Structure formats: C-alpha cells, structure tokens
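Student: Could we go through this model together? I would like to begin with the terms.

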Amino acid sequence: MPVTHLEALERQPYENGRSFGAAGPYERIDAIAHYAVDPTHAANQGIVDLALAERDGEGRVRFSGDMTLLMPRHQDRGNRALIMHVPNRGGRQLSRLNLYPRNSPVTAAVDPGDGFLFERGWTVGWAGWQWDVPRSPERVRIGLAAPEVPPAARQPDGRMQLRLQIYHATSSLPLTDQHVGDHGDHRLIRSADVNDADATLLVRQGPYGEARTVPRDRWRFAREVNGHPVEDDGHIWVDGGFEAGLTYDVLYTPLGCPVVGAGLLATRDLASYLRYQEDAPTAGSIEHVIAEGQSQCGRFLRTYLHLGLNNDETGRPVFDGVLAHIAGGRRGEFNNRHGQPSVQPTPLFGHLFPFADDPQTDPLTGQTAGLLDRQRQNGGSPKIIYTDTSSEYWRGDASLTHTDLASGGDCELPGDVRRYLFSSTQHSAGEVPLTNQTVFGGLATATVNTVDYRPLYRAPLMNLLAWVADGVEPPASAYPQVSAATRRSRRAVMETLSAIPGLALPDAGVLTNMYPLDLGDHADRGIATPPAKVGLTPYPDWVSSVDADGNEAAGIPMPDITVPVATHTGFNPRHPDTGGPGELLEYIGSTVPFAATEEDRATANDPRPSLTERYTSRDDYLDRIRRAAKALVEQRYLLAADIEVCVDIAAERYDACVAEPHTKERG
C-alpha cells in the first residue's frame, strides 16, 4: 500500500472531552504519514517528475506528510462519512462549515466553532500536501516533505516565474508568494545561483501589460540591510525599489526541485488508507468519503479530477464526492516542475484549457478536451458540487466552466455535477463593521463586501452526502445562464451599475481575463518556458446580470440579498494609495449601503430606494429575512437549522448600514 505506516505523534481528547450532541466526544490524532508509491503504476503516471525521483530497493518513491484526524471517540456514533478537507496553506481551518470568525489566527488548534460538523458525526481529516508550507515543531501548519528531483535528472531544468505585486513600495522582497501578507506562510524559493546571468526581472503595468526588462545590473538576489543590499539567495533587491501596484515577474532557476504533484498522491492515498485499510484508526467506521477544498484547494481538486487520480493503486475509487469551493475556472501549479501551489494570477499551467467538465472544442486553439476526460476514462468518477462567489466571475474565469466556447451560449452540465453561484458575494465571507481594509493587508477603493454566505455552503455538503449515500439528488444548479437571461458581460453590468453613487468601478481596460497560452516546447512534460506567450484574443468573460438595486439576479441569494440593505458586488478596485489604479483586487467585493432616508437619497441622487422607503422598522426587515430564509429551505439551498443564523447575520448588516453608512478608511 502507498501508505506504509503512520508515525504517531499525539492522540488526545478533542476540546478536553467536550460532547458534541449525539456524536458525543471526539478525539484528535496527529501523525506523520509515510508514503511509498510506484512511479511506473498507471494510477501515478500523470505525476510530473515522479519517475525522476530517487527510488528505494523495491522501485518505489518515498516521501512523508503531516496529517490530522478528528473522529468520534465512539465510532458507532459517527455518520460513517469522512470529509477530507484539503488544507489551505497548511491551515486546519473549518470556519466556512463550523462557523467562527474567519480571521482567527492560524494555530495548531482546530476551532470547533458552532460544532456543525461534529454534532452531525463527521470524521474530518487533513493530509499535508503542499511542499512550500513551513513545517514547525509546534505543528502550526501541516505540509509535505516532497521527494526531490536530482540536479542531473533535470534536463531541461526549466525556470520558475514568481509574480510580485505589492501594496507599498520597498527595496527588497522575499522570493515567495506575496498573496498573503504574512511571508511565514511559505518557504523561501531560493535561487540556485545568485550570480545567474540568465535570471530575468520583468515589470509591467497590469497583469497583461507590455513587459519591460529591468537591466541585470539594476537588481540582484539580495535583501536590504541598513540601506544596503546584502547577498541573499532567498530575496530580490532592486536599485530604486519595487513600485507599489506594478506587476513584477522574476524568472530564475530555483535551488531545489520538489515533485510538486506528490501532494496530489498524498491526498488520494491517505484518504484511501482511512477508508479501506484494516489497520487505519478509522477501520470499519467509514463508508463514504468526500473531498472538500476552498480557493487554492478547490483548484487543487479541479487539478486532481483533470488528472484522473480518483482511483488508488488497486483501482478502488477514493472519493465518492467532491465539493470544490471558489475555484472558478482555474486549476493551479500543483503538478509541474518548479510549481508554486499558492500562486493564482500567474498565467501558467493553472490557466490552461479545458475549463468545462465535458469535452468541447476551443475555437481559439482548435484543441478538444474536457476537465473530466481522464477520470471518465479511468472510471470512479465522483459526484461533484462546485460553488463560487461573484469574485471568481469578475476576475474573468468562472463563467468558462459552463460556457460553450464555440457558440458563446450555455453548455450543459453533466448529470453528476451541480454548480452554484452565491449571489453578490466575494471570495471570502464578508464581515462587519464596514471598512475598506482587506484581510490581505491592502486597501480597496470602496467598502469591502460584507455578505456572509457561509450558511449557503453547509447545505451543499449535506446534499452531497445524501447524493452519494442515498441517491437523493441535490437541488438544481443556479448560475448565470443565457437561457435564463441572467448572464451579461462585465462591461455591460458596469454600465448599469455606474448610476450608483459611492460604487467604485474597475478600469475596463485592465480587467483580468483568461487567454490561450503557449508555455513552450516542453509543456507536455510539465516544464514551462516562462513567461508564457499570451494569445491576442481573450476567452469570454460573463457575469450575472443585476437587479434594480445592483444585486445579482443569478445564483443563490442569501436572505440579505433578497431583502437588501445595500448593493453588493464581487469586485473592488485597488485603492489609489496602493498603486495599480483601476485594477481589480481579485478576491475582494464591494458593499454600498442604501441611503437611510428618502431625503438622504435625494441629496445623493441615489436611484435606489432608501431604507425607510423599504422597511417600516428593524423588526419588519428581520421578518422579511426570516421568510426569505424559509423559502431557501424549501428549495433545499439552506438547512432549516440555519434560518436563525441568517436572521442574526442580516441583523448585524442592518445595524451596520444604519449606524455606519460610510466606509471606515485607514487612519
């Protein structure tokens, strides 16, 4: 078996033995999973560079990864289902399912929140899969000790493209993904040669602006110390500094070369072990396994399905269901040489066709393919539910998953797939109070989207379990469609929204898109020659149409979208102070409250009716929210237990919009 053994680290009562409803107390197991995989096996053939790694005496490639397991102490009280939560940047976060503040600090502890999963008897597992997550003695994050490709086997070696765009000017930057602000989330990707004359630094305005090469004598692999550059293979320094808002690409050969795709195998093989093996701690207690991943990890699951990996080395299916959240139409750098799992905007392997599940022909390249082709061929296809927010549509890729590229119309979804848009939302669940400060350390031009859509995410999980366990089909898909007259271009929607005062619109000239890419002669081997050659014609970019209030007409609306106190969007431009004016903050949406009174509305020349014109009182407003929530329950888009959760969420937003109608900007 690929999982040779679990190296036990700690087994202890979870939450000091707290009882979770009928499921009772839980226990937590932390261990290191040891893997040995056959690089010649058909189930592993799609993993780039696996055959180049060192092998043991039996011809297997060995590696290890962290794991955590939460399970009912009395296994007969569980629901006999395992959710494998793909850890995002090594974190064991359950805030979208076990509701708790999403900005809680990342620690080794697993916050139980409101106990949603545990009270329903779920077993929850995490397999470390990401090679660039720092592995600390405190086990704050879980990662993978991936096998390495020896230098002599890297022919051609290939280069890494590290994209950098910052909020504040600085002289030097660490060689790591900049997306999260806290560089401790990722290991430095060190240069193999600080004096590499072929290393290149490009700078451009916008994601696809014309690139200018920074002369090699004006930058170096170094960091600034007391105003002077000091040689450092893990940092890059530029004479005159990095300018906020500009897009930089550093192209270089990294020191190491991990088999990035080993993380896909770790996820598959640990799940298979926990499901099937008699010596697993879950032996005899698991009948169904669902893979769940959000953002980076949703794209990870799309890559997993695209590679047809849902069968273990014995041919058994691993996941019965897949719940992929906020992945949009992208995949990621999860299975290529010098891949960086955390990056999203870089136009490389994660941006390639196909986007839709079933085969179609790309009119821009002539290629015919579907995301699920290999998995269909291999058998063992899981049931799939995709959920997205408006932000994945506004960045230009989510609509590609259900668009017929040849006709421009809708493409039919497979029968074993459901797809839902959470209307008028942003990538992460919104919060109050109103502010233009983002969770990533930057500033938005408008107030950040406050819609907390998390109750809508719990219903798809339970519907997916009913689908795989009992054959109960989920409710109908809900997303922008030509056939329902709920789909428009971004430019057309921006024109409609332009009448709303206080709503900042992005610059249509620098909107992000997906393009056909040429990654070089060795792309079929998972080796890119960056930067990609970008096609002249972008793929189409559809979003939901909007109603008279500016809220989205397609998808599943939270009750406080059906009964609104503001206009909410999936876009928000960068604040001028952070550079890149007019460019989208890819993960951030906007909230623009309605005027409090009819007089305020007239003064602001706001076409949207005011709060006092809509609702007679706060109680009237919340009564309408409760009715809207009950309607969602009848449609099975919301769990009955979450009706009052939705009322509480709406009450917070109502109070915030009445008391704080203006954005709180930084001091």
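Tutor: A residue is called buried when its relative accessible area is under 20%. The model discussed here is predicted.

Student: How many residues of α2 are buried?

Tutor: Helix α2 is mostly covered, with 14 of its 15 residues buried. The helix runs over residues 262-276 and reaches 21 Å from its first C-alpha to its last, close to the 21 Å expected.

Student: Which residues have the most contacts inside the largest nonpolar core?

Tutor: They are Phe63, Met84, Trp219, Ile236, Tyr252, Leu270 and Phe319, in a core of 76 residues. Helix α2 gives the most to this core, namely eight residues. Apart from it lies another core, of 47 residues, which includes Tyr26, Leu97, Tyr100 and Leu639.

Student: What does Met84 touch?

Tutor: Leaving aside residues up to four places away in sequence, the contacts of Met84 include Thr267, Leu270, Ala271, Leu274 and Phe319.

Student: Now the sheet. What is the order of the four strands?

Tutor: The order is β8-β16-β10-β11, in an open sheet with antiparallel pairing. β8 (160-164) and β11 (212-213) each have a single partner strand, so one side of each is left without a neighbour in the sheet. β8 pairs with β16 (residues 247-252) over five bridges, and Leu164 has Tyr248 as its bridge partner in β16.

Student: Where does pLDDT stay under 50?

Tutor: That applies over residues 661-667, for which the model has 20 contacts beyond four places in sequence. Where pLDDT is low, the predicted coordinates should not be read in detail. The chain averages a pLDDT of 94, and 97% of the residues score at least 70.

Note on methods:
Residues are numbered from 1 along each chain as its sequence is written. This is a predicted model: local features need pLDDT of at least 70, side-chain atom pairs count only at pLDDT 80 or more; totals for chains, interfaces and linings use all residues. Side-chain values use heavy atoms; hydrogens and water are left out. Two strands pair if DSSP finds at least two bridges between them. Helices (H or I, at least four residues) and strands (E, at least two) are DSSP runs, numbered from the N terminus. pLDDT is the predictor's confidence in each residue, from 0 to 100. Contact means heavy atoms within 4.5 Å. The expected span of a helix is 1.5 Å times one less than its number of residues. Buried means under 20% relative accessible area, exposed over 50%, partly exposed in between (1.4 Å probe, protein chains only). A nonpolar core is a set of buried Ala, Val, Leu, Ile, Met, Phe, Trp, Tyr and Cys residues joined through side-chain atoms within 4.5 Å.
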